[in-house]
Amino acid sequence: MPAADPTHTVHPTPVTHTGAHGSLPGGEGRKVFFVSFGCQMNVLDAELVLGDLDRNGYGRTDKMKDADVVLINTCSIREHAEDKVWSLLGRARQVKETRPKMKIGVMGCMAQRVKDEIVHRAPHVDLVLGTSSFRSAVQDLDDLFDGGGRIVRTSNRPDPVFLPDADRNVTVRPDAYRAFVTIMRGCNHSCTYCIVPHTRGKEVSRPLPEILDEVKRLVDDGAREVTFLGQNINTYGQDLHPKRKHTGEICTLLEHAAEVEGLDRIRFLTSNPFDMTEDMMRRFGAVEKVMPWLHIPAQSGSDEVLRRMQRTYTVAQYHEVVGWARTHIPGVEITSDFIVGFSGETDEDFEGTKRLVEDIGFLQTYVFKYSVRPKTLSARRLPDDVPEDVKKRRNVELLGVQDALATKRNQGLIGETVRILVEGISKSDDTRISGRDRCNRIVHAPGDASMSGRMADVQIAEAGAHSFIGDLVRVEGDGERWPDA
Ligand code: SF4
């Protein structure tokens with residue numbers, strides 16, 4: 001999954017009802033300094049916990065020095081992400097010296113991966129919650145404030161009272177009109193560089209009725225677009241129906257979600273090249289509300305590197321999957337992830353990666369330098385033998401190839417009119433609105449905050465590698481509901 005903005009802000013709708021698990025609002029008056037790192041899955045996990053804190057009386061602060069609770073939602077995908085957490089924990093220790101009643105918690109992938117190290121290296125941390133256990137945060141904080149001590153929960157089999165996706169408070173979201181929905185957790189693959197199977201365990205899918213109920217509640221709260229999340233959505237539901245030979249359960253979910261009245265757009269992440277079939281692409285393309293955008297991580301354009309990564313497809317098979325998408329999903333745009341400098345990657349392998357980027361024509365790619373993660377298969381079996389300066393050079397070079405190609409392709413859109421769902425005022429220019437079109441292209445146009453959450457037609461005037469600027473043609477009026485086409 002592509003990395004998300006590491007700092008999490010919340011759509012601040014006040015809620016007053018009783019807590020998720022029948023607990024009383026024990027957090028009354030306490031303020032939480034909350035920081036989240038990592039992928040979209042972590043953004044959503046942050047929302048789940050923030051929703052619980054909110055409805056149990058805990059407030060928020062953006063200053064650590066004023067906090068009663070410091071809670072950090074962590075990521076283990078790269079060493080750098082973990083380094084930032086250690087540094088934050090150092091700051092929190094200093095603050096705690098002046099606020100001894102303050103509680104410090106660490107949740108998520110790093111809490112799962114290095115729980116023992118956190119316990120020993122950071123005795124000032126009161127709460128450690130793994131990837132399946134974080135929904136007990138409110139109860140645990142209440143207990144810590146009442147009785148002190150330390151709580152560590154990192155079992156992969158969560159307490160049934162605190163299932164990760166149970167009873168979401170849908171009113172606490174960073175974006176009023178778009179929402180993430182977890183459809184499955186964990187991963188059954190074993191890509192050699194990846195820490196996820198270790199930190200998040202095997203695939204567990206949520207039952208379809210439970211997901212649909214959450215979607216309806218989100219739509220009732222104003223969401224017009226949902227993005228379904230899973231590490232490998234292609235196999236959604238297989239664990240729920242182990243006797244069924246095949247799959248396509250993700251398509252059934254999309255078809256049912258499309259019937260939810262008031263929902264305009266559906267996206268999903270991540271569509272890996274493996275476990276994908278042509279029939280699945282056909283079904284994606286047949287549902288109008290499913291947006292023509294797929295994130296299909298390639299990781300490398302070399303069969304030899306893909307083999308060492310245990311990605312279980314070849315470059316030719318990757319092309320075949322993209323071909324199915326382009327045949328059955330009109331106008332589809334593809335985004336991708338690449339790792340450069342993986343163990344044994346030669347100049348020739350890297351040339352293959354550049355060639356794949358040129359041949360496919362991605363809307364966007366996320367490029368990462370290989371970073372060895374302890375406890376992964378590659379850490380145990382493969383040398384990290386590409387020098388750092390070579391990794392850096394390949395990273396810059398690949399992004400250069402992508403940006404040049406994307407700019408050229410994107411300029412072909414100048415003069416066209418696209419429909420966007422307005423997300424709000426642009427972060428870089430407050431005279432403009434920003435939104436995404438059906439293909440997930442970021443588009444800016446003149447406008448104001450009153451247009452947020454409305455559909456708008458924008459004629460593209462300028463195109464860069466990552467976004468577009470256009471002229472506003474028209475905006476959905478009060479009480480109007482445009483079809484998204
Ligand atoms: S598919 Fe591979 S890269 Fe993705 S989460 Fe699973 S093991 Fe990691």
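How far apart are the axes of helix H8 (residues 249–257) and helix H9 (residues 278–286), and at what angle do they cross? Before the answer, a word on what you're looking at: this is a predicted model, with a mean pLDDT of 90 for the chain, and 93% of the residues reach 70 or more. Where pLDDT is low, the predicted coordinates should not be read in detail.

Back to H8 and H9. Their axes come within 9 Å and cross at roughly 5 degrees. Angles under 35 degrees count as roughly parallel, and that makes H8 roughly parallel to H9. On the H8 side, the contact is made by Ile 250, Cys 251, Thr 252, Leu 254 and Glu 255. Met 280, Arg 283 and Phe 284 answer from H9. Sort these residues by class and you get five nonpolar, one polar and two charged.

Thr 312 isn't a glycine, yet its phi is positive, near 60 degrees.

Next, have a look at the ligand. Around it you'll find Cys 187, His 189, Cys 191, Tyr 193, Cys 194, Val 196 and Pro 197, along with Gln 231, Asn 272, Phe 274 and Arg 311. By class, that shell comes to seven nonpolar, three polar and one charged residues.

From there, move on to helix H11 (residues 315–328), which packs against helix H12 (residues 347–360). The angle between the two is about 15 degrees and their axes are 12 Å apart, so H11 and H12 are roughly parallel to each other. The crossing of H11 past H12 is right-handed. Who meets whom? H11 brings Val 315, Tyr 318, His 319, Val 322 and Arg 326, while H12 brings Leu 356, Asp 359 and Ile 360. In class terms, this contact has five nonpolar, one polar and two charged residues.

H12 also packs against helix H14 (residues 388–411), at an angle of about 20 degrees and with the axes 10 Å apart. H12 and H14 are therefore roughly parallel to each other, and their crossing is right-handed. The H12 residues in this contact are Asp 347, Phe 350, Thr 353, Lys 354, Val 357 and Glu 358. Facing them from H14 are Arg 394, Glu 397, Leu 398, Val 401, Gln 402 and Leu 405. The class tally for H12 with H14 is five nonpolar, two polar and five charged residues.

Key
Residues are numbered from 1 along each chain as its sequence is written. This is a predicted model: local features need pLDDT of at least 70, side-chain atom pairs count only at pLDDT 80 or more; totals for chains, interfaces and linings use all residues. Side-chain values use heavy atoms; hydrogens and water are left out. pLDDT is the predictor's confidence in each residue, from 0 to 100. Axes are lines fitted to C-alpha atoms, for helices over the stretch in contact, and angles run from 0 to 180 degrees between N-to-C directions. Helices (H or I, at least four residues) and strands (E, at least two) are DSSP runs, numbered from the N terminus. Angles under 35 degrees count as roughly parallel, over 145 as roughly antiparallel, 65 to 115 as roughly perpendicular and the rest as oblique. A crossing is left-handed if the near helix is turned anticlockwise from the far one by less than a right angle, and right-handed if clockwise. Contact means heavy atoms within 4.5 Å. Ala, Val, Leu, Ile, Met, Phe, Trp, Tyr, Cys and Pro count as nonpolar, Asp, Glu, Lys and Arg as charged, and the others, Gly among them, as polar. A residue is near a molecule or strand if one of its heavy atoms lies within 4 Å of it.
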